[in-house]
Amino acid sequence: MSRTPSTARRLTAYAAVLLLAAAAPAAGGSTAADPVTVTVNARAGLATVPDTALGVNHAIWDQHLGSTETSDLLRAAGVKMLRYPGGSYADIYHWRTHTAPGGYVAPNTDFDTFMAAARRVGAQPMIIANYGTGTPAEAAEWVRYANVTKGYGAKWWTVGNENYGNGHYGSAWEADDHPDKSATQYARLVVEYADAMKAVDPSIKVGAVLTMPGNWPDALTAGADPGSWNQTVLSLAGPKIDFVDVHWYPGGTAAESLARTAHLPDAAWLLRQQIARYAGPDSGRIGISFTELNVGAGQNTQPGALFLADAYSGLLEQGVFTVQWWNVHNGIGTVSEVAGQTDYGDFGLLSSGGCTADGSVCEPPFNTPFAPYHGLSMMNLFARAGDQFVRAGTDQPLVTAHAARRPDGSLAVLLLNKDPDSAHEVAIDYAGFTPAAEAPTVHTLANGASGVATGRSGSATTRTLPPYSLTTLVLRPAGTVDGRPGAPGRPTAGAVTDRTATLSWPPAAPGGAPIAKYEVYRQQGAVSEQLGETAGTSLTVGNLEPGTRYTVNVLARDTAGRVSWSSPPLTFATGSPVASTCAVRFSKDTDWGNGYVATVEVVNTGPGALDGWTLTWTWPTGWQQVSSGWSANWSQVGAEVRVTSTPDNRRLAAGGGSTSVGFVGAYSGPNVLPGAFRLNGTVCTTR
């Protein structure tokens, strides 16, 4: 949920002077024995960095929201989007009177002050219209004031904040005065809000609140809603909205939070699948914003910096148009020591300068940057608007890599060492890019450092990463990149079956020579597998695996051998065979957010009876499992599930003989259901 301040945390008094706290870097620690292999694949393009990528939340309890010092710090860190008026406060805030009944509103935090601050930062606003205690008319008048009366050109507007937390699913922290607190009612009113707001300014973008796949209350259904929160909201409001708004607080220890960034590709996939399935025609226009996130522990120390850089990169790689940290200032919480540094339990990027209730511990002077601020500054050095993320991976879970290719042909590589105790040597291999034979520019944020250190050192292929550190290498290409073709447009997939798909793409613009052919590559982690090539702009690829997700790129090669940047990525999934000698129906009966009961119907559609059967499937992730099962013999090894018949159901008659079995499933991340089932080794039709 949104982190709003308690009375003890309210930011009612700050020091008036900005001081940057100097902190001695942590000791280097030991060095792990084996080098980590890092693979950077410039042929495997991901999303392009938008101009709204780096965001943060502002809140009306922060009296320094509009101060020059605060704005200048945010500008220096590269902030390009600011959210207002602050999490759950949005659902009690009335913009015209600048009041929040039941909450604290600091002086100098009104909307005009916020907009002046946003302009000084150089950031676009993301404004939350009051759903909980407001009306569509109030929101429409806010749009009129902002864009007609004042000419602010505020484009992005969300209807409410975490409105699933209104008690509909049992937990209630979000204000909601509507007698009907269902997802259905929220969706109906989102339509009214969107209609009223766009009647004033048709150019604005209106967003609806969704929940993160794999996080509460994802998959829960309550009351008379036709489905879960996301399904209901998208089904009813999808045709009226322009984006969805999601929050993510992974929780757990620092190590657990840092490991859970691995969930992001699957969470983004599920979210886009939900949008495509429920939001109606042209659902591809609907963008995704992540407007709140923070680490579970170590909010002011290096875990916060590592998590910020890893999560921002992971989400932006998936095409999210903005990621926004919670919060600029928030206030002191539970004080602890993390990796040798004092952590104040403060969800802010910048110190509030406050003390614990007993006065025993005080934060550094007001506006002293905490470690996540430096992590955001590192993101600003790593990935700039217009850069294209490309695939990067490692063979060590404690070392994470991201990479972005720049329009001038250079490459930036972000390396994160999540090991608090040991340095790690890395050996970097490049595909589709040859670095110049010179020392790269190196940006480093070490544990306990008071800022990002920059210099030129070492080589492009080897590096030692200090414990709990962030390192960005900026590499120039060897040779010239002039004259290369333009990148092909985003591919689309048609006629997708269990084994084939026809891929098409807009042509690339020629560079210094005519285009000779297009090459189609599949991303296999950080490695590319060529699926085929053609002189045209369409290719049917075969030998695909049923029920499998594929991410592909297209590159153009000209007659001089020069290769373009990769196209934007396309991700699609193959289906099951239309005709088979078996069929499977996999149904989730109940789901409680980290587990569920499922029924699996097994059908013999072949011409001969079966006397004994074995059903197998593979979980798409490593955090899914069968906890227990019935009406069959169940086992799981790694991600492989094996279900065998019992004496009672071993015989399945020809032409439709069936049996139903069931199990309790568990998951600790996005629950991506299996796409293919095999009965006695034969791929079945999935019903």
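**Figure 1. In strand S6, Val159 is the bridge partner of Ala129.** Helices (H or I, at least four residues) and strands (E, at least two) are DSSP runs, numbered from the N terminus. The structure is a predicted model, in which local features need pLDDT of at least 70 and side-chain atom pairs count only at pLDDT 80 or more, while totals for chains, interfaces and linings use all residues. Residues are numbered from 1 along each chain as its sequence is written, and side-chain values use heavy atoms, with hydrogens and water left out. Strand S5 (residues 124-129) pairs with S6 in the parallel sense over four bridges; two strands pair if DSSP finds at least two bridges between them. From S5 the chain passes through helix H3 (residues 136-149) to S6 in a right-handed β-α-β crossover. A crossover is right-handed if, with the strands pointing away from the viewer, the path from the first strand over the helix to the second runs clockwise.

**Figure 2. Strand S6 also pairs with strand S7 (residues 205-209).** The pairing of S6 and S7 is parallel and has four bridges. Trp157 stands opposite Val206 of S7. S6, helix H4 (residues 183-200) and S7 form a right-handed β-α-β unit. Within S6 (residues 156-159), Trp156 and Thr158 point one way, Trp157 and Val159 point the other way, and all are buried. Buried means under 20% relative accessible area, exposed over 50%, and partly exposed in between (1.4 Å probe, protein chains only).

**Figure 3. Helix H8 comprises residues 302-317.** The 16 residues of H8 reach 22 Å from the first C-alpha to the last, close to the 22 Å expected at 1.5 Å a residue. The expected span is 1.5 Å times one less than the number of residues. H8 is mostly covered, with 16 of its 16 residues buried. Gly319, which has a positive phi near 90 degrees, follows H8.

**Figure 4. A disulfide joins Cys355 to Cys362.** A disulfide is a covalent bond between the sulfur atoms of two cysteines; here it is taken as a pair of cysteine sulfur atoms within 2.5 Å. By this rule the count is two disulfides. The S to S distance between Cys355 and Cys362 is 1.9 Å, and their link is right-handed, with 100 degrees about the S-S bond. Cys355 is partly exposed because its relative accessible area is 32%; Cys362 is likewise partly exposed, at 37%.

**Figure 5. Cys582 and Cys684 form a disulfide.** Their sulfur atoms are 2.1 Å apart. The torsion about the S-S bond is about -100 degrees, so this disulfide is left-handed. Cys582 lies in strand S28 (residues 582-591) and Cys684 in the loop between strand S38 (682-683) and strand S39 (685-686), so the pair ties together parts that are 102 residues apart in sequence. Cys582 counts as buried at 2% relative accessibility, and Cys684 counts as buried at 0%.

**Figure 6. Asn671 lies in the loop between strand S36 (657-667) and strand S37 (678-679).** Asn671 counts as buried because its relative accessibility is 11%. The side chain of Asn671 makes a polar contact with that of Gln624 (2.8 Å). A polar contact is a pair of N or O atoms within 3.5 Å; within protein, one must be able to donate a hydrogen and the other to accept it, and residues adjacent in sequence count only if both atoms are side-chain atoms. Leaving aside neighbours within four places in sequence, Asn671 is in contact (heavy atoms within 4.5 Å) with Leu270, Lys588, Asp591, Tyr596 and Gln624.
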